[in-house]
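Biologist: Before we go through this chain together, could you show me how to read its features one by one?

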Amino acid sequence: MPEAHVPIRTCVICRGKFPKAELNRFVCPPESGPQAALTPDPEQRFSGRGFYLCTEEPCGKRFARYGGWRAKCKGVAHGD
């Protein structure tokens, strides 16, 4: 019997590749601006541009300062 397909995603901080189910997902905010922040998506069901973060502590600390998502979210419609 063939093995089931396991989606692989990349952590935006360490660039490590992991099964999607092992990562935390964040989506682009509905509006841009200085107070905008990525929205956690624990069920991995929100529509829109997503970013994945592994569970390693150093990545979590660096993710708090990660600003690369702002340019990647421009022009991306967010829908819940």
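Biologist: What percentage of the 80 residues in the chain is buried?

Modeller: Buried means under 20% relative accessible area, exposed over 50%, and partly exposed in between, with a 1.4 Å probe and protein chains only; here, buried residues make up 30% of the 80. This is a predicted model, in which local features need pLDDT of at least 70 and side-chain atom pairs count only at pLDDT 80 or more, while totals for chains, interfaces and linings use all residues. Residues are numbered from 1 along each chain as its sequence is written, and side-chain values use heavy atoms, leaving out hydrogens and water.

Biologist: In what order do the elements of the chain run?

Modeller: Helices (H or I, at least four residues) and strands (E, at least two) are DSSP runs numbered from the N terminus, and in this chain they follow the order β-β-β-β-β-α-α.

Biologist: Which residues touch the most other members of the largest nonpolar core?

Modeller: In soluble globular proteins, nonpolar side chains tend to be buried together. A nonpolar core is a set of buried Ala, Val, Leu, Ile, Met, Phe, Trp, Tyr and Cys residues joined through side-chain atoms within 4.5 Å. Of the 17 residues in the largest one, those with the most contacts to other members are Ile13, Leu38, Phe51, Leu53, Phe63, Tyr66 and Trp69. Strand S5 (50-53), helix H1 (57-63) and helix H2 (69-73) each supply at least two core residues, and the largest share, three residues, comes from S5.
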